[in-house]
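Q: I would like to learn how to read sheets and packed helices in a structure. Can we take one model and go through it step by step?

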Amino acid sequence: MTDGGPSAPGSTQYRLRLFIAGSTPRSRRTIENLRRICDRHIGPNVDIEVIDIYQQAELAEANRVVAAPTLLRLSPLPQRQIIGDLSDEPRVLRGLGIIPSREPTDEHGA
Amino acid sequence: MLPESSPRELAKALTGISGFDDVTYGGLPAGRPSLVCGAAGCGKTLFAATFLVNGATLFDEPGVFMSFEERAEDLIANVASLGYDLDRLVAEKKLAIDHVRVERSEIEESGEYDLEGLFIRLAYAVESIGAKRVVLDTIETLFAGLTDAAVLRAELRRLFGWLKERGLTAVITGERGEGQLTRQGLEEYVSDCVILLDNRVEDQITTRRLRVVKYRGSAHGTNEYPFLIDEEGISVLPVTSADLDYGASTEVISTGIPGLDAMLGPGGFYRGSSVLISGVAGTGKTTIATHLLDAACRRGERCMAFVFEESGSQICRNALSVGLDLKPHLDAGLLRFEAARPSLYGLEMHLARMNRDVERFKPSIVVIDPVSALRGPANELQATLLRMVDMLKGRGITAVFTSLRTDGSFDQVGDLGLSSLMDVWVKLQDIDANGERTRTLYVIKARGMSHSNQVREFQMSAKGVKLVDAYVGPAGVLTGTARLVQEAEEQAATLRRRQDSERRKREVVRRRQSIERQIAELRASLDVAEEEEQVLIGEDETRESLLADERAALAGRRGAAE
């Protein structure tokens with residue numbers, strides 16, 4: 001289906017799952033941030049699923065969710081977790097693997 | 001078993017950990033979080049798991065184990081060593097395990113967040129089984145996985161508040177930090193009850209200790225209590241108050257050795273007394289103790305022997321050589337050996353183990369063989385033994401201690417006397433003379449009873465132990481062959497004396513007979529003389545009367561003539 005192959009940017013199929021805790025301002029802000037980032041950097045090849053952990057608590061355990069909000073990259077593998085309201089765009093991109101994280105240890109120190 | 005805490009006092013949740021509920025007068029504060037902290041490997045997780053398992057199995061309070069370190073499978077495998085079957089409890093919906101894994105390398109942080117996910121998972125687990133108890137083991141791991149410490153602190157505070165609000169009795173474990181009880185200062189948040197576990201190594205021997213650092217609104221024991229983790233779970237040994245208020249029994253129990261019974265006024269020891277059997281190696285301490293055990297088992301009493309130098313089966317085999325078969329007692333469940341090398345645990349641990357075993361087995365006689373094998377600093381030894389004696393006496397258990405130290409002390413340097421703690425002291429001594437060694441036995445003291453002050457020779461044979469009166473004579477105490485030789489000599493001397501005296505008796509009889517003979521002869525000549533005398537007297541009288549007659553006749557005639 002994707003003629004450009006897996007290496008071509010923008011052609012990878014992303015499956016993301018966003019866990020939010022209720023419809024708080026922070027939840028809404030997070031959803032907005034995610035939509036904006038996806039529109040800008042991923043394009044149409046993304047499948048976003050938003051889950052309210054208050055409604056589906058069992059999924060929180062199954063997906064090892066601790067913090068809220070939590071964004072989970074289900075595919076491509078490996079799974080990645082990004083926590084927070086996704087307001088720091090470069091970090092989100094790094095977390096999603098859209099831009100490579102070269103020196104992750106330095107990042108934590110910063 | 002223990003009464004539920006009364007409403008006017010702080011409600012408490014029993015942990016079911018033997019000893020701990022005594023120290024805290026009823027367990028952890030119910031409906032509140034408690035902090036259990038300590039260094040790595042001190043038993044925090046096992047303590048927490050025991051709290052949950054006992055809650056689920058003994059007190060009908062299901063629990064949630066939220067593990068931040070171990071995976072559920074690892075946890076299940078680890079506590080299986082304590083005999084807990086977590087899988088079964090999970091299947092019975094009495095326990096829920098949730099492994100919260102937070103790996104910094106797998107998580108990117110971007111913007112604000114809170115730990116609502118954790119709350120929801122916990123709430124979900126609590127609701128799914130109707131949990132009353134919660135364990136968070138070790139929540140501080142979150143600080144390693146997430147960078148925003150300020151958020152974490154706020155969220156933890158909220159979490160503990162949330163637990164309280166829901167009335168969940170929670171155990172939160174924390175790793176010991178520098179200068180404070182936990183690395184992240186959790187004690188600031190969990191301030192109702194803080195328990196510190198410790199695992200100290202002294203002289204290469206590890207002793208686990210537990211201390212209730214604080215317990216708001218409740219009295220609690222403040223000491224450090226040794227505790228024990230083994231295949232039977234966790235037990236804490238409360239230091240028994242050194243009250244001397246135990247009852248004194250007047251019931252007398254036989255020692256199993258008739259000769260020894262005879263040396264003690266009432267015919268044995270008082271029940272519940274402490275007996276010290278001291279003597280150097282090979283004097284028969286264990287054999288005497290074995291007799292005691294055998295006698296008690298024959299009476300149908302339960303006996304327990306803590307042995308530090310031999311295995312139980314070795315003692316059984318050795319007992320056969322003096323004609324005692326302990327196997328039937330073992331099979332009947334009346335006798336139990338607990339063998340351990342003294343260096344296996346510290347003193348406290350030995351005491352804790354004994355306490356627990358005694359508590360469970362409920363023996364009426366306990367043998368500690370030999371107590372002198374326990375090593376440690378003198379004052380600690382004294383304290384340990386004192387508590388050991390108190391622990392046994394308080395339960396009315398007859399305690400038999402054997403000691404290699406003949407002078408009754410248990411340390412080479414100090415003069416701290418074990419003997420003064422004892423009610424009865426039987427001393428065994430080897431007497432080495434004439435190229436042979438003989439065992440002798442004294443009763444040095446026996447409180448509250450008259451007892452023989454004599455030394456007895458103590459013989460062991462296939463028929464058992466026999467006490468023989470030792471020979472006490474001008475040459476001192478003789479035993480063994482010397483006694484036999486002396487006895488033979490005495491017999492010969494007696495015979496000689498008897499023969500002598502018989503000979504002298506015969507002589508006297510002879511002399512008496514000869515005197516009697518002389519007397520008879522004299523008496524005969526006396527008779528002859530008397531007869532002669534009578535004859536002479538008779539002749540004289542006859543003559544006198546004749547003369548008188550003649551004179552009368554003459555006078556008559558003269559008168560007629562005139």
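A: Begin with handedness: a crossing of two helices is left-handed if the near helix is turned anticlockwise from the far one by less than a right angle, and right-handed if clockwise. Keep in mind that this is a predicted model.

Q: Which hand does the crossing of α1(A) and α3(A) have?
A: The crossing of α1(A) and α3(A) is right-handed.

Q: What else describes two packed helices?
A: In general, the angle between the axes and the distance between the axes are given. Here the axes of α1(A) and α3(A) come within 11 Å, and they cross at roughly 65°. Angles of 65 to 115 degrees count as roughly perpendicular, so α1(A) is roughly perpendicular to α3(A).

Q: Which residues make the contact between α1(A) and α3(A)?
A: On α1(A) they are R36(A), I37(A), R40(A) and H41(A). On α3(A) they are E89(A), V92(A) and L93(A). By type, the residues of this contact divide into three nonpolar, one polar and three charged.

Q: How do strands of a sheet pair?
A: They pair through backbone hydrogen bonds, either parallel or antiparallel. One open sheet here has five strands, in the order β2(A)-β1(A)-β3(A)-β4(A)-β6(B), and its pairing is mixed.

Q: Which strands of that sheet stand at the edges?
A: They are β2 (46-52) of chain A and β6 (107-109) of chain B. Each has a single partner strand, so one side of each is left without a neighbour in the sheet. From one strand to the next, the twist averages 20°.

Q: In which sense do β1(A) and β2(A) pair, parallel or antiparallel?
A: Strand β1 (residues 14-20) of chain A pairs with β2(A) in the parallel sense, over seven bridges. As one example, I20(A) has D52(A) in β2(A) as its bridge partner.

Q: Which strands does helix α1 of chain A touch?
A: Helix α1 (residues 25-41) packs on the sheet and touches β1, β2 and β3 (70-75) of chain A. Its direction makes about 165° with that of β1(A). Helix α3 (residues 89-96) of chain A also packs on the sheet, touching β1, β3 and β4 (80-83) of chain A together with β6 of chain B.

Q: How many strands form the open sheet of chain B that includes β17 and β23?
A: Nine strands form that sheet, in the order β17-β16-β18-β19-β15-β20-β21-β22-β23, with mixed pairing. Its edge strands are β17 (335-339) and β23 (464-469), each pairing on one side only.

Note on methods: Residues are numbered from 1 along each chain as its sequence is written. Chains are lettered from A and ligands numbered from 1 in the order in which they are written. This is a predicted model: local features need pLDDT of at least 70, side-chain atom pairs count only at pLDDT 80 or more; totals for chains, interfaces and linings use all residues. Side-chain values use heavy atoms; hydrogens and water are left out. Two strands pair if DSSP finds at least two bridges between them. Helices (H or I, at least four residues) and strands (E, at least two) are DSSP runs, numbered from the N terminus. Axes are lines fitted to C-alpha atoms, for helices over the stretch in contact, and angles run from 0 to 180 degrees between N-to-C directions. Contact means heavy atoms within 4.5 Å. Angles under 35 degrees count as roughly parallel, over 145 as roughly antiparallel, 65 to 115 as roughly perpendicular and the rest as oblique. Ala, Val, Leu, Ile, Met, Phe, Trp, Tyr, Cys and Pro count as nonpolar, Asp, Glu, Lys and Arg as charged, and the others, Gly among them, as polar.
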